[in-house]
Amino acid sequence: MPLSACVAGVAQHRAQRHFRGSPLFSIEQWANLAAEALSDAGIEPGEVDGICCGGDIIEASRFVPATIAEYCGWSVNLAERVDLGGASAVGAVWRAATAIDAGLCDVVVCGFVSEPRPPDPNPGPPDPGYVYGASSNEWGSPQAEFDIPYGNLGQNCGYAMYARRYHDLHGWDEASRAKIVVDQRASAAVNPDAVFHGVPVTADEVLSSPMIATPLHMFEIVMPVSGAAAVVVTSQKRAGSARHRPVRVAGFGEHITHKTPTYAPDLLTTPVAAAAQKALAMAGITPADVDMVQIYDCYSITVLLTIENSGFCGPGQGLAFVRDHDLSYRGDFPCNTHGGQLGFGQAGLAGGMSHVVEAVAQIQGRAGERQLARHDRAYVSGTGGVMSEQSALVLVGL
Amino acid sequence: MTHVPATGSEPLAPPLPRPTPTSAPYWEGLAAGRLRLQHCQTCAAWIHYPRVRCPACFGTDLAWEAVEASGVLYTFTVAVRPTAPMFAGSVPQVIGVVELPVGVRITTTIETDDPDGLRVGMAMKGVFDTSERVALLRFTPDR
């Protein structure tokens, strides 16, 4: 089946550490965000017949797409809640595109929201979820039994263990790992929507920021922010009469092997390797053919491993590759030109959509000061868990 | 729901494993100072953590067998900030993964007074920590 579905419009809210808007319930945020993305595309809300969302609608822990469809007044033929953590956004886009190409539906909104809700006047007991983060402490959960008792929970220590093994096997060039942050912050510095707008950093500042879990420092870890991001995916025919240049979903891949890194088949060949290979092959291109990469970046090490595993350089060559290339919007290997989550901020699941939104904005030629000269083909990745669940897209401008 | 309170000024205790009918032999083994793993009688794969089916062949003929509590350090980190409030009293905490000669990997903590001297690939030996109600398997450099 040839791939033809396209991203037609996007919406993304400013990343904010201290939210200055009016708090809304998640379901209200989602409806407003969808309206913005549809307006951007020039597609009427009544045309929507598909929804891809995440688990971030606080008012609906289950039956999420039905709740959204009812609230928005839509009759949908695709109702998908994607449960892939940081890979949910990339996963949502290819699910939408495939459903459209299969003829199931014609206009799908993929949206994720993470802005404050109104304070509850009658708060219940605090949700213990934050203590365990993405880990489950339920009885019978493998993590509860074999990982959490040893302190292996949340994200920091897991990603730190990837970094430790990488460096012990491939060398301790920490300045190059820090350079990933430096280059992305250079792009964030010219992005008015980024939390680190106007605030570049040096490698020395990165490596002298507080140590969190060796060898990872605070500036190598995303800054949580409020925000929201959505895209509208539609058929190529409908995209052709929309407002902006259609951006075709030319290839995609997804691969999952584990939840906890302890049980990964190989810590340094992460699932994105298989996902990228499939996405690029589907699009009929090689890594050398892309004009930009928008790589999921919860940590510096995530970018390093994804560049390497996706085939932009050979195994063990990632640090040298970063040293030899400028990853900023001005550079010869533009990577996370919006600043990435390390520079833009991470607004929950919307953080993973920021990479898709940036790829689309670049391809459509509306990335402002950070607009690339060559901007037809993008490689986009999503990563959930601890390099656990990974998805990849190839986006091509028509 | 979990049994750990989310708020309060009292220090939270690190949560202990709660054995299940499937995993009980593993924890009983640790309490007796022995590391026992599931061994698939169909495809010969060693299995950790315990399961009802072998993740290599999906078979159900699994036997518990004792193995040496030793291996090599696959990776580790020194958590300078606690990974969760329950570990606030444990930092800096050396969290690691040890790979056993039979191929399985185990999450653990590394007991050492020289975390800077740790290297991926170092030989490690097990330490059966019976200080709590459920025994844990920690490791220390084997030198």
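Guide: Domain bounds here come from an automatic or database domain assignment. This is a predicted model, in which local features need pLDDT of at least 70, side-chain atom pairs count only at pLDDT 80 or more, and totals for chains, interfaces and linings use all residues. Residues are numbered from 1 along each chain as its sequence is written, with chains lettered from A and ligands numbered from 1 in the order in which they are written.

Visitor: What distance separates the centres of domain 1 and domain 2 of chain A?

Guide: Chain A is assigned domain 1 (6-118 + 227-240) and domain 2 (153-223 + 249-397). Taken over C-alpha atoms, their centres are separated by 24 Å.

Visitor: Which element gives the largest share of the side of domain 1 of chain A that touches domain 2 of chain A?

Guide: Residues are in contact if their C-beta atoms, placed from the backbone, lie within 7 Å, and this contact takes 28 residues from domain 1 of chain A and 34 residues from domain 2 of chain A. Helices (H or I, at least four residues) and strands (E, at least two) are DSSP runs, numbered from the N terminus. On the domain 1 side, strands E1 (6-12), E4 (107-114) and E7 (227-234) and helix H3 (88-101) of chain A each give two or more residues. The largest share, seven residues, comes from H3(A).

Visitor: And which element gives the most to the side of chain B that touches chain A?

Guide: Here 35 residues of chain B are in contact with 34 residues of chain A. Strands E4 (70-79), E5 (93-99) and E6 (105-109) of chain B each give two or more residues to the chain B side. With six residues, the most comes from E4(B).

Technical notes
Contact = placed C-beta atoms within 7 Å.
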